[in-house]
Amino acid sequence: MTTRTAPRTARWRGGSQHAAAVLFLIPTALVFGVFAWWPILRSLLLSFQRTNLVDPAAFVGLDNFRTLLADPLLGTAVQNTLLFTGIALLIGFPLPVLLAVLMSELRKGSGLMRVLVYLPVVVPPVVAVLMWKWFYDPDSGLFNQLLGQIGLGPYPWLQSTSTAMPSLVLEATWAGAGGAVLIYLAALAGVPTELYEAAELDGASVWRRLWHVTLPHLRSILLIMLLLQVINNFQVFTEPFVLTDGGPEDSTVTVLLLIYRYAFVSGDYGTAAALSVSLAVVLAALSALYLRLTRTWGTK
């Protein structure tokens, strides 16, 4: 009797625990579905419609995508987005790694350095961008005032097509580097100290220890951070919207800024959704290809 009852009791307990887990999961699934999946599905549907979000929508098939491809500004926006991503990766990807390595070597003041590095992250993005807009002011901006003390400038940071995009990248790097630095510092804490001690006994310099000890142990983190930074850079919006509004001469119009103009300037929500869906497909394909090509790099 006891041996028959025990399996039934175990099954009942297992079933009740499973039911409890499902009950706890339902609210989270509902919130995620309403605020994540439903907007995605709604945008996909909207990309095949012509609507002002007030009157009934009209199904237009692929017309929104044809309108999008016929817009000469699309090519400019794509080029500018690629340029921003390239410059941001060139500057913003290695900088947090170097800062994390230098901070991990500090014996004193490392806590203060971490606070100072992470401080830009907690500043609201629009506030940070408006502050940098004053820094870049050609007449009374901080940068031109400082450079004027040594006889340089003034420079048209945001008013020139040759300097506007690098200026945006500089602000974006300052604003976002702190989070990456903390992630790298956490990863560096897991590197065995014995390896550094052995390298020092062998007479390895700081740069050789960085190349042969630190970077190999950070490989998997570096691969993930590179992908996340590429995705984030492709979606840059706040900097060109607030600092330059896409100027001068459309030299800082990005894909997300073009989506904003379609939707909230022209009222063409269908084309805006079509561009949004196209961007999502490109980023998904790029991510899948990247993960496939690098799936074994993190373990080598």
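Does glutamate 194 count as buried or exposed, and at what relative accessibility? In this predicted model, local features need pLDDT of at least 70 and side-chain atom pairs count only at pLDDT 80 or more, whereas totals for chains, interfaces and linings use all residues. Residues are numbered from 1 along each chain as its sequence is written, and side-chain values use heavy atoms, with hydrogens and water left out.

Glutamate 194 counts as exposed because its relative accessibility is 51%, where exposed means over 50% relative accessible area, buried under 20% and partly exposed in between (1.4 Å probe, protein chains only). Glutamate 194 lies in helix H9, helices being DSSP runs of H or I of at least four residues and strands runs of E of at least two, numbered from the N terminus. Together with Glu105, Glu197 and Glu200, Glu194 forms a negative surface patch, to which helix H9 (residues 193–201) contributes the largest share, 3 residues. Patches comprise residues with over 30% relative accessible area and no salt bridge, like charges being joined within 9 Å and nonpolar side chains (Val, Leu, Ile, Met, Phe, Trp, Tyr) within 5 Å; a salt bridge places a side-chain nitrogen of Lys or Arg within 4 Å of a carboxyl oxygen of Asp or Glu.

A nonpolar surface patch consists of Tyr118, Leu119, Val121, Val122 and Leu182, with about 390 Å² of accessible area together, and helix H5 (residues 110–122) gives the most to it, 4 residues. Tyrosine 118, found in helix H5, counts as partly exposed because its relative accessibility is 33%.

The protein chain as a whole contains 14 helices and 2 strands, and buried residues make up 33% of its 300 residues.

How values were computed. Accessible areas come from the Shrake-Rupley method with a 1.4 Å probe; for residues, only the protein chains shown count as cover. Lys and Arg count as positive and Asp and Glu as negative; His and the chain ends are not counted. The place of a charge is taken as NZ of Lys, CZ of Arg, CG of Asp or CD of Glu.
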